[in-house]
Amino acid sequence: MTHVVVIGAGQAGSSCVAKLRNGGFEGDVTLIGAEPVPPYQRPPLSKKYLLGEMELERLFLRPESFYAEQNIKLRTGTKVTGIDSVSKTVSIGAETLRYDHLVLTTGSEPRRLPAAIGGDLEGVFLVRDLADADAMAPEFEEGSRVLIVGGGYIGLEAAAVAASKGLKVTLVEMADRILQRVAAPETSDYFRDLHTSHGVEIVEGVGLERLTGEGHVSGAVLTDGRELDVDFVIVGVGISPATALAELAGVTLDNGIATDAGGQTSDPAIWAAGDCTSFPYRGGRIRLESVPNAIDQAEVVAENIMGAGKEYVAKPWFWSDQFDVKLQIAGLNAGYDSVVRREGEGGSVSFWYYGGEELLAVDAMNAPRDYMIGKRLIEGGKSPSPAVISDPETDMKALMRM
């Protein structure tokens, strides 16, 4: 009987095995995860879960009973130690599993601060998995001093949680501005103002020289010479695709595990999906770090294992929750040369990215209608002129009839 082994029990892995069963696959299915819990949502870890507004069971993507009911062998707390692509086997210590199809949904790994600058001190936390969130939760006491290193979305979300719980928050971003890698200056300005209005101190264009402390972190020295007293530190300086097992399997790597449009790697028996994967997109190759990509790509892989022969066409969208603001992003802004601002009701605003006359992406802050319309326009290949978008009299719904 055909055996599909999926390594990585996150959003992509869970979506893949569920799609196999929903699609009528009758072979053996094994889902292997290193963490000791069933597949769960990661985005709430730096938001509602850390705020104490979401219980553990609500994090789970599906009830734990789902896997047994669907005849999916879920192996949690299990580390894969090797892959032999010639014999088509996976090693778990001394145990060996044979596969007919192997799916790598290994996700990504957070970048850590070097031990040489204090990255291994106690009280220095990452925000990547459930254990990270649980470990830092006791530190969120009113009045505590936290340093957040990195001004991307993870760092800003953690800063919002900390400030909401009454902590003294300092965020350091080495680049000239927060969100520099992923957003226009307009969006950076919006979130800088939002955070400072809630008491967060944002330091831009300044890096971390080192953390100090005897065993446990107690201070930080910044590259401008400034010294801070801190009670704990949260590090959000980016992630890298988890490709160690793919290297053992000998498949091609290119900014992650390289796949074709159907999710197949250079080895026809090995597939990949999610954060760990790069794939063809608009004549190039990209890697998307998002929940929607993990789900959609993993489902296409499952269908193709069953012989569908489908190509995955990414429709990028993302979101972030900070204080009382919900940011929704449609599209990819790479290559933009202008940004159009559109004001909405109740302080909502959206920024529309253009490359020439082509609409590329939309950042919508508490503007769900703008987000939905922008998303549909981008996915439909339609580009209203910048003048039309900036005009407050424009009937946005009418744009859908373009």
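I first noted the terms for exposure: buried means under 20% relative accessible area, exposed means over 50%, and partly exposed lies in between, with a 1.4 Å probe and protein chains only. I also noted that this is a predicted model, in which local features need pLDDT of at least 70 and side-chain atom pairs count only at pLDDT 80 or more, whereas totals for chains, interfaces and linings use all residues. Residues are numbered from 1 along each chain as its sequence is written, and side-chain values use heavy atoms, with hydrogens and water left out.

**Entry 1: salt bridges**

I took a salt bridge to be a side-chain nitrogen of Lys or Arg within 4 Å of a carboxyl oxygen of Asp or Glu. By this rule I recorded 16 salt bridges.

I looked up Arg 42 and found its salt bridge with Glu 35, where the closest N and O atoms are 3.0 Å apart. Arg 42 counts as partly exposed because its relative accessibility is 29%. Glu 35, at 21%, is also classed as partly exposed.

I then turned to Lys 310, which forms a salt bridge with Glu 303 at 3.3 Å between the closest N and O atoms. Lys 310 has 37% relative accessibility, so it counts as partly exposed.

In a further pair, Asp 321 and Lys 326 meet through their side chains in a salt bridge of 3.2 Å, N to O. I noted that Asp 321 is partly exposed at 27%, and that Lys 326 is partly exposed at 33%.

**Entry 2**

Two strands pair if DSSP finds at least two bridges between them.

Which order do the 5 strands of the open sheet follow? I read it as β3-β2-β1-β7-β19, with parallel pairing. The edge strands, β3 (72-75) and β19 (270-272), each pair on one side only.

I next examined β1 (residues 3-7) and β7 (residues 101-104), which pair in the parallel sense over 4 bridges. Within this pairing, Val 6 stands opposite Val 103 in β7.

**Entry 3: a helix on the sheet**

I counted contact as heavy atoms within 4.5 Å. Axes are lines fitted to C-alpha atoms, for helices over the stretch in contact, and angles run from 0 to 180 degrees between N-to-C directions. Helix α9 (residues 291-305) packs on the sheet and touches β1, β7 and β19; its direction makes about 155° with that of β19.

Note on methods:
Helix = DSSP H or I, 4+ residues; strand = E, 2+ residues; numbered from the N terminus.
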